[in-house]
Amino acid sequence: MTSYFHFGSTGDLNNSRLCLIEDAPKDMGKYSFTLTTGMPATPYFPQDAKVYLREENPGAKLEDIVGNTRGCFIASSKVEAIVREFAPEGVEFLPFTLINHKNKVHSKDLRFINPLQIFDCLDYDAAEVELDDDGAIEYFEELILCRAKLEHAPHIFRIAGSKTDIVFSEALTNALKAAETTNLLLDELEIV
């Protein structure tokens, strides 16, 4: 049986030398939520998007995956190429310029990777799912996946009922590891 992995967007928070992004692109305004909920962000994404590092977190070391406090998937062109191979559609790739705390260009090789596929994969009993009056997931205790629902799962998706949670297939995970992707934080999910 294929394994699935929960993506951790913070990266290694114990290494203060690493870049840590805390803000959305300047000029996205209230629409920055689209980068973390599986909604298309392209209509609201600035043409020449810029993201600024904060002075209190001046970590200069860039990894393949850049940790952030917003729940976004931010990565290099190397990671984009791998994700595109496994998910040629259903994912937005939104490039931006990273500006350091001295107001200078730090990188032009980063992009927000925004999976748009929302997949119903929780095991409602094991995850202790509670539904609202309309039958939509309102709450769940744990991320426990249902083996039967995963039969046609894409390689990268967001979980129905918790759209901020991004899941990678075992094949995508293996490809990222084989490419020695740095700052990759994943937890294997339980499947029942």
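Visitor: Which residues form the negative surface patch?
Guide: Glu128, Glu130, Asp133, Asp134, Glu138, Glu141, Glu142 and Glu190 form it. Patch residues have over 30% relative accessible area and no salt bridge, with like charges joined within 9 Å. A salt bridge is a side-chain nitrogen of Lys or Arg within 4 Å of a carboxyl oxygen of Asp or Glu. This is a predicted model: local features need pLDDT of at least 70, side-chain atom pairs count only at pLDDT 80 or more, and totals for chains, interfaces and linings use all residues. Residues are numbered from 1 along each chain, and side-chain values use heavy atoms, without hydrogens or water.

Visitor: Where is Glu141?
Guide: In the loop between β10 (137-139) and β11 (144-145). Strands are DSSP runs of E, at least two residues. Glu141 is partly exposed, at 43% relative accessible area. Buried is under 20%, exposed over 50%, and partly exposed in between, using a 1.4 Å probe and protein chains only.

Visitor: And what about phi of Glu128?
Guide: Phi is positive, about 55°, although Glu128 is not a glycine. Glu128 sits in the loop between β8 and β9 (130-131).

Visitor: New topic. What is the strand order in the open sheet of 5 strands?
Guide: β8-β12-β13-β1-β14, with mixed pairing. β8 (118-119) and β14 (186-188) are at the edges, each with a single partner strand, so one side of each has no neighbour in the sheet. Two strands pair if DSSP finds at least two bridges between them.

Visitor: How many bridges join β12 to β13?
Guide: 4, and these strands run antiparallel. Arg158 has Ile166 in β13 as its bridge partner.

Definitions and conventions
Patch = residues over 30% accessible without salt bridge, like charges linked within 9 Å, V, L, I, M, F, W, Y side chains within 5 Å. Areas by Shrake-Rupley, 256 points an atom, 1.4 Å probe, with all protein chains shown as cover. Lys, Arg positive; Asp, Glu negative; His and termini not counted. Charge placed at Lys NZ, Arg CZ, Asp CG, Glu CD.
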